[in-house]
Protein chains: 2
Amino acid sequence: MSAVTSPLVWEHVQPAAARRLLTGAIDAFAERGFQATTTRDIASRAGMSPAALYVHYPSKERLLFEISLYGHKAALDVLRSADTGPTPADRLRSLVSAFTAWHARHHTIARVVQYELAALSPEHFAEVATIRRAISAQIEQVLTDGATTGDFTVNDLPGTTLAVLSLAIDVARWYTPHRADPEALGKLYADLAHRMVQA
Amino acid sequence: MSAVTSPLVWEHVQPAAARRLLTGAIDAFAERGFQATTTRDIASRAGMSPAALYVHYPSKERLLFEISLYGHKAALDVLRSADTGPTPADRLRSLVSAFTAWHARHHTIARVVQYELAALSPEHFAEVATIRRAISAQIEQVLTDGATTGDFTVNDLPGTTLAVLSLAIDVARWYTPHRADPEALGKLYADLAHRMVQA
């Protein structure tokens with residue numbers, strides 16, 4: 001079991017069988033993709049029968065939605081907690097550092113969350129999209145504040161917001177634990193993102 | 001048919017049936033993922049029988065390998081052609097601009113190429129990895145040159161190379177034609193990447 005799907009991260013999911021199904025689904029989606037994963041595959045990773053899976057989740061899509069919702073909420077919480085510091089530069093550095101380290105540490109769930117969005121139902125996608133907008137807004141706000149104080153020069157606010165988010169999110173694509181320490185990577189990316197906008 | 005899988009881009013693939021299979025495979029892999037795509041699905045998109053597919057390709061993996069090889073070679077060609085200009089700053093801007101615009105324009109193939117690497121056979125992966133190293137080396141070289149001339153300050157060469165590549169590659173994840181013009185996006189990202197390293 002990887003650190004990513006450690007039961008500790010999912011303590012809020014009760015009972016334990018539902019939690020095992022969720023972590024089994026993350027591993028299966030990450031390995032084979034959502035479309036190629038069967039409910040039988042997920043159930044067997046959780047040591048259960050396919051019929052027992054349906055006691056907890058009505059569908060494979062519902063599992064993806066729970067994972068996506070949790071992943072997006074966790075990423076937004078990380079950003080909100082990191083939005084601290086006396087200046088916009090301090091806040092931006094703290095935000096990028098925490099967001100990058102989170103994507104390194106949780107690269108498996110982040111990959112599933114980012115690459116399987118198209119498999120969500122329209123209703124579930126809409127719910128996740130609301131959180132995605134809040135994530136963007138958190139970065140956009142600090143860039144706006146820094147531009148207002150004159151600390152930052154931002155020529156294209158939505159484009160630069162997307163670029164800052166991309167830096168962190170793309171970590172999930174290439175990250176493997178032997179390649180970098182999440183904290184060190186966070187600090188480097190905080191520095192690069194700050195340089196991207198400093199006046 | 002999308003611009004991405006336009007037959008023009010694949011003119012080098014002969015005969016036409018092999019080309020139709022390749023573009024069918026790109027669309028299928030992008031929509032459903034490599035694991036969930038069957039050779040029957042690919043053949044039917046090409047208007048052929050599964051048996052006819054095997055005349056041109058021994059396996060589904062072989063199709064992925066051809067797509068991955070072509071995608072990586074095309075991206076490397078774009079970088080090599082763009083590595084021009086009197087100063088490291090000019091070269092970096094030209095490289096990032098071209099690489100970003102390429103990932104926007106070819107987002108479907110870029111997604112398949114980047115997200116399905118794990119499905120390649122070890123031998124095929126090794127061949128693609130050689131081109132990936134050449135792509136990184138192209139960025140790393142201009143950063144090294146800029147640091148040598150004193151135009152750039154680069155505190156972590158491999159980390160900064162990866163960040164510059166990430167900016168462009170992550171475009172493939174979120175890009176849709178209504179969101180940005182590939183050329184304008186390339187110019188913005190060239191500016192941001194240059195700011196990341198300028199002394």
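Domain bounds in this account come from an automatic or database domain assignment, and for chain A that assignment gives domain 1 (7-58) and domain 2 (61-197). The structure is a predicted model, in which local features need pLDDT of at least 70 and side-chain atom pairs count only at pLDDT 80 or more, while totals for chains, interfaces and linings use all residues. Residues are numbered from 1 along each chain as its sequence is written, chains are lettered from A and ligands numbered from 1 in the order in which they are written, and side-chain values use heavy atoms, with hydrogens and water left out.

Within chain A, the C-alpha centres of domain 1 and domain 2 lie 26 Å apart. Contact, taken as heavy atoms within 4.5 Å, joins 16 residues of domain 1 of chain A to 12 residues of domain 2 of chain A. Buried area is the accessible area (1.4 Å probe) that two parts lose on being put together, summed over both; between domain 1 and domain 2 of chain A it comes to about 1,200 Å², with 87% of it on carbon and sulfur atoms. Ile26(A), Phe29(A) and Phe34(A) supply 39% of the area that domain 1 of chain A buries against domain 2 of chain A, more than any other three residues. Helices (H or I, at least four residues) are DSSP runs, numbered from the N terminus, and helix 1 (residues 16-32) of chain A gives the most to the side of domain 1 that touches domain 2, with six residues.

In helix 4 (residues 60-82) of chain A lies Arg62(A), which is partly exposed, with a relative accessible area of 28%, where buried means under 20% relative accessible area, exposed over 50%, and partly exposed in between (1.4 Å probe, protein chains only). Leaving aside neighbours within four places in sequence, Arg62(A) is in contact with Tyr57(A) and His124(A), and the side chain of Arg62(A) makes a polar contact with that of Glu66(A) (2.9 Å). Ala74(A) also has its place in helix 4 of chain A, and is buried, with a relative accessible area of 14%.

The contact between the chains takes 28 residues from chain B and 28 residues from chain A, and the area buried between them is about 2,500 Å², of which carbon and sulfur atoms give 56%. Arg173(B), Arg195(B) and Met196(B) supply 25% of the area that chain B buries against chain A, more than any other three residues. Across the interface of chain B and chain A there are zero salt bridges by the rule, whereas 12 residue pairs, both at pLDDT 80 or more, are in polar contact. Helix 6 (107-115), helix 8 (157-169), helix 9 (171-174) and helix 10 (182-197) of chain B each supply at least two residues of the side that touches chain A. Seven of the nine residues of helix 6 of chain B are buried, so that helix is largely enclosed by the rest of the structure.

Conventions:
Salt bridge = Lys/Arg side-chain N within 4 Å of Asp/Glu carboxyl O. Polar contact = N/O pair within 3.5 Å; in protein donor to acceptor, adjacent residues only side chain to side chain.
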